[in-house]
Amino acid sequence: MTLTCLLLFLIHIVVVKNSETSNNVPAVIVFGDSSVDSGNNNAIATVLKSNFKPYGRDFEGGRPTGRFCNGRVPPDFLAEAFGVKSTIPAYLDPAYTIQDFATGVCFASAGTGYDNATSAVLNVIPLWKELEFYKEYQTRLRSHVGVEKANEIISEALYLMSLGTNDFLENYYVFPTRRIHFTVSQYQDFLLSIAENFVRELYALGARKLSITGLIPIGCLPLERATNILGDHGCNEEYNNVALTFNAKLENVIAKLNRELPQLKALSANAYSIVNDIITRPSAYGYEVVEKACCSTGTFEMSYLCSDKSPLTCTDAEKYVFWDAFHPTEKTNRIVSNYLIPKLKATFR
Ligand SMILES: *[C@@H]1O[C@H](CO)[C@@H](O)[C@H](O)[C@H]1NC(C)=O
């Protein structure tokens, strides 16, 4: 009798456990820029780093990881929501092995863009190289878990892409090289043709579930406000319009890819409206400061300029929309993730 009870109990556990984990996302695989980088730049020769305090002060153990944030970034929250893991390790971090990467890995690099010329500005990992690392990862995964299991992980994994901001704010509007050859609209089309090819290559390599995030209101980043002198330090509306039109074109590219690649499920994880709502009505979300970032003067500092030496850095980042002059706080990342999670779950479950 007791034994029967125990058996029934164990069967119950197994059934419940299986239904809990039947979300069919065994791994989360990330491509992009600082919006999703979890520390790859620590391992390369660039000045664009964040593996020192105060970065990471609200991360597990108060540890700076190379995330451009006081805490976690959206892929961490999304992976957690899918029951995979609570932080996604960077592929180039020597503290992790293929065993860790089998359930999630990040190839993103802060400062990169779709355009090769963007990654060249600060000598970071170009998007094509992120894909080369991913190919190497596939090989390592197959030898670690076997071909069949690896192929299952590859096709069932959730792929996240988030980039594009640097193409405009670190490249197009800073250096004349691209502006001479492209109008804004042409440059958007150029970037999106690279995005389209990238997805086709990823699909050919076995990826099936893909979420792509375009641009947030990039004209409202504290650095862009600080430099918007003619606009009285308000949001740069030209940049916001670039983001809106880019996102609209991205939706078309995603629709086309879904039509043409039969087994692809691609979702446009558009974060513009939620971030815009936060910026427009910060107090509704419990924020006190939106124009300036938490770190230092909050107007232009990021990376090495966001230093632990500054006495000006805020004490409670939860009151700030932005952590440094270019990146949201963990709180903003959490709100954006919670907004996207139901859409992702509806698409990929
Ligand atoms: C970017 O650089 C890589 C490596 O040199 C090259 O294969 C690729 O075609 C370039 N992309 C574009 C759009 O020029």
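The model is a predicted one, in which local features need pLDDT of at least 70 and side-chain atom pairs count only at pLDDT 80 or more, while totals for chains, interfaces and linings use all residues. Residues are numbered from 1 along each chain as its sequence is written, and side-chain values use heavy atoms, with hydrogens and water left out.

An N or O atom in the side chain of Asn116 is 2.3 Å from an oxygen atom of the ligand, and a polar side-chain atom of Trp128 lies 3.5 Å from a ligand oxygen atom. Taken alone, the ligand exposes 360 Å², of which the protein buries 37%; accessible areas come from the Shrake-Rupley method with a 1.4 Å probe, and for residues only the protein chains shown count as cover.

Helices (H or I, at least four residues) and strands (E, at least two) are DSSP runs numbered from the N terminus.

| Residue | Helix | Relative accessible area |
|---|---|---|
| Thr118 | helix 4 (residues 116-121) | 1% |
| Tyr203 | helix 9 (residues 184-204) | 13% |

Not counting residues up to four places away in sequence, Thr118 is in contact with Gly111, Thr112, Gly113, Asn166, Asp167, Asn171 and Tyr187. The side chains of Thr118 and Asn171 are also joined by a polar contact of 2.8 Å, that is, a pair of N or O atoms within 3.5 Å of which, within protein, one must be able to donate a hydrogen and the other to accept it, residues adjacent in sequence counting only if both atoms are side-chain atoms. With the same exclusion of neighbours, Tyr203 touches Arg208, Leu261, Pro262, Gln263 and Leu264.

Helix 11 (residues 237-260) has 24 residues and spans 35 Å from its first C-alpha to its last, close to the 34 Å expected, a value given by 1.5 Å times one less than the number of residues. At its start, a side-chain oxygen of Asn236 comes within 3.0 Å of the backbone nitrogen of Glu238. Buried residues of helix 11 include Tyr239, Phe246 and Leu257, and the cover over its buried residues includes helix 7 (165-172), helix 9, strand 4 (209-213) and helix 12 (272-280).

Technical notes
Buried means under 20% relative accessible area, exposed over 50%, partly exposed in between (1.4 Å probe, protein chains only). Contact means heavy atoms within 4.5 Å.
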